[in-house]
Amino acid sequence: MMTEQNFISEFPYNFVEKGEVQAQCSSNIALVKYWGKYANQIPANPSISYTLTNSCTQTSIQFEKAEKMSVKVFLDEVLQEKFAEKIEKYFNSIQKYLPFITQYQYVIRTHNSFPHSSGIASSASGFGAIALCLIEIAEQLGEVFPSEMKKRKASFLARLGSGSACRSLYGGLAVWGKHEKIHESSDLYAVPFPFEIHENFKKIQDTVLLIHEGEKKVSSTVGHKLLENHPYAQVRFAEAYKNLASMIDILRSGDLEAFGQLVEHEALTLHAMMLTSTPAFILMKPMTVAAIEKIWNYRKLTGQPLYFTLDAGANIHLLYPEKDKNVIFNFIKNDLLKYTENGDYIRDESRL
Ligand code: DP6
């Protein structure tokens, strides 16, 4: 088992004058959700997610020797001052793990494959890409990572930027948070899902209905915090732990119905925790609920394996197996797009 000590670096860097690195990282969608954390980004319960294919962030970092560290961030060529402040704080917080970091000034250029206003969170793919860039810089300064350690350290660093980001470093299914059934699992970084996966779950489709485009009212950071004095928090954490164990069996067996039931329960529980926080908040929109009813109705009528999950927002992720994708996608196009704000959706999938 690795501890925080394993990520502290005392490497005698060769401080080059300047350089440039780039990296790309995909977004992910959780099946068992992370909601609630302790100090230093330690999750209150383990989570599992699919890393997506098309929804990703591409980032480049130019670095140059400087008296004092500074950070500039451009999103699609537009200067982002608030984001830069956040990244600078983040860089300062990870000095122990990358001691070169304070010796340079940075210009970060970043681009998301999904529209900025889509309401799709870019923090997972964004921090994943930055963490990969930072590891690349360490390599340019001479540090050598054993192959497994490279991704693991990127995952560790990404977690400190945004919890869910640490799962995005691996394609397919990734687990973050200690669980007795997964020996390698850790609260400090994510690991690839280590068990057999049934064909049904190998190329899962994720079509995202953009029900609400634009910023959400309450950030995840605030949402996590509200679990600190939440009457149902402990029950929720225990249930998520149990749900991850069930998910391991489901993924092996190929039971689509059990998969859908668990995934939808997780999504609705996440939002139930929001509804029962003090103060309460609601991130679903009326059209989120209307679309859910339509999905349930469709399933009842046709038996097709179409399920939904939600992130901390109003948008609906529609999950379905590749083998049924043509008929289900037709239904989505004809019957579900009307619930979106502008007819917009993102078609994605997870490839194992
Ligand atoms: C609802 O990872 O965005 O998407 O660690 O504060 O950055 P921070 O939170 P974040 O939390 C989002 C959680 C979620 C569920 C999940 O992805 O597991």
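This is a predicted model: local features need pLDDT of at least 70, side-chain atom pairs count only at pLDDT 80 or more; totals for chains, interfaces and linings use all residues.
Trainee: Which polar side-chain atoms lie by its oxygen atoms?

Mentor: Ser164 has a polar side-chain atom 2.7 Å from an oxygen atom of the ligand, and for His224 the corresponding distance to an oxygen atom of the ligand is 3.0 Å. In Asp311, an N or O atom of the side chain is 3.3 Å from an oxygen atom of the ligand.

Trainee: What does Asp311 form with Lys33?

Mentor: Asp311 forms a salt bridge with Lys33, their closest N and O atoms being 3.9 Å apart; the term stands for a side-chain nitrogen of Lys or Arg within 4 Å of a carboxyl oxygen of Asp or Glu. The pair links distant parts of the chain, 278 residues apart, with Asp311 in the loop between β11 (307–310) and β12 (316–320) and Lys33 in the loop between β1 and β2. Helices (H or I, at least four residues) and strands (E, at least two) are DSSP runs, numbered from the N terminus.

Trainee: And how many salt bridges are there in the structure?

Mentor: The structure holds 17 salt bridges, and across the interface of domain 1 and domain 2 the rule finds one.

Trainee: Switching topic, where are those domains?

Mentor: Domain 1 covers 4–192 and domain 2 covers 204–351, with bounds that come from an automatic or database domain assignment. Their centres, taken over C-alpha atoms, are separated by 25 Å.

Trainee: How many residues are in contact between them, and what area do they bury?

Mentor: In domain 1, 35 residues are in contact (heavy atoms within 4.5 Å) with 42 residues of domain 2. The two domains bury about 3,300 Å² between them, 66% of it on carbon and sulfur atoms, where buried area is the accessible area (1.4 Å probe) that two parts lose on being put together, summed over both. Of the area that domain 1 buries against domain 2, Leu31, Lys33 and Trp35 supply 26%, more than any other three residues.

Trainee: Last topic: which bond joins Thr278 and Pro279, and what is the phi of Gln41?

Mentor: Thr278 and Pro279 are joined by a cis peptide bond with omega about 0°, and Pro279 lies in the loop between α6 (256–275) and α7 (286–302). Gln41, although not a glycine, has a positive phi of about 60°, and Gln41 lies in the loop between β2 and β3 (42–43). Most residues other than glycine have a negative phi, and most peptide bonds are trans.

Notes. Residues are numbered from 1 along each chain as its sequence is written. Side-chain values use heavy atoms; hydrogens and water are left out. A polar contact is a pair of N or O atoms within 3.5 Å; within protein, one must be able to donate a hydrogen and the other to accept it, and residues adjacent in sequence count only if both atoms are side-chain atoms.
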